[in-house]
Amino acid sequence: MCRGNRLVADFVAGTDARPGLPEELHEHLTMTVNGLWVVWAHKLARQAGNLFVPLTRGPGYPSDARAECRARGSRAVHEAPDPACTCGFHALSSWRLPGLPVRGGVMALTVALSGRVLAFEWAGGGVLWAG
């Protein structure tokens, strides 16, 4: 479970329309070969067969997973990510940012986020993405 600081953007990626983002976030957008705008980010996970297991030891997910809210005691059923919840897939703008516990068996992944994406300030600089 990750928590960022101040929410700086709430937008939809994965469409042919370039998201309207603050200037400092533009470097994290890229267009796919299909002409869709996505966010490139980095996360850590353990691989278990064809699944990736989050550092929180939650259930594994495939490489093309969709985020769901699995927060215990969440206020109501809602789509992930949600700015009022810690649900969703979390990734950072750089794998070199502080707060990433790199240790045995952990893989650094580069991920493309699409759908609703939230951008939060991350301690030590950078961006915490929730998608």
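This is a predicted model: local features need pLDDT of at least 70, side-chain atom pairs count only at pLDDT 80 or more; totals for chains, interfaces and linings use all residues.
Residues are numbered from 1 along each chain as its sequence is written, and side-chain values use heavy atoms, with hydrogens and water left out.

Trainee: What is the angle between the planes of Phe11 and Trp129?

Mentor: Rings of Phe, Tyr and Trp (its six-membered ring) pair if their centres lie within 6.5 Å; planes under 30 degrees apart are stacked, over 60 edge-to-face and the rest tilted. Phe11 and Trp129 are 6.3 Å apart, centre to centre, and form an edge-to-face pair with an angle of 85°.

Trainee: How many residues apart are Phe11 and Trp129?

Mentor: Strands are DSSP runs (E, at least two residues), numbered from the N terminus. Phe11 belongs to strand 1 (residues 7-13) and Trp129 to strand 8 (residues 127-130), so the pair links distant parts of the chain. The separation is 118 residues.

Trainee: Why does Trp129 count as buried?

Mentor: Buried means under 20% relative accessible area, exposed over 50% and partly exposed in between (1.4 Å probe, protein chains only). Trp129 counts as buried because its relative accessibility is 0%.

Trainee: Which residue in strand 8 is the bridge partner of Leu92?

Mentor: Strands pair if DSSP finds at least two bridges between them. Strand 5 (residues 90-92) and strand 8 run antiparallel and are joined by 3 bridges. In strand 8, the partner of Leu92 is Leu128.

How values were computed:
Helices (H or I, at least four residues) and strands (E, at least two) are DSSP runs, numbered from the N terminus.
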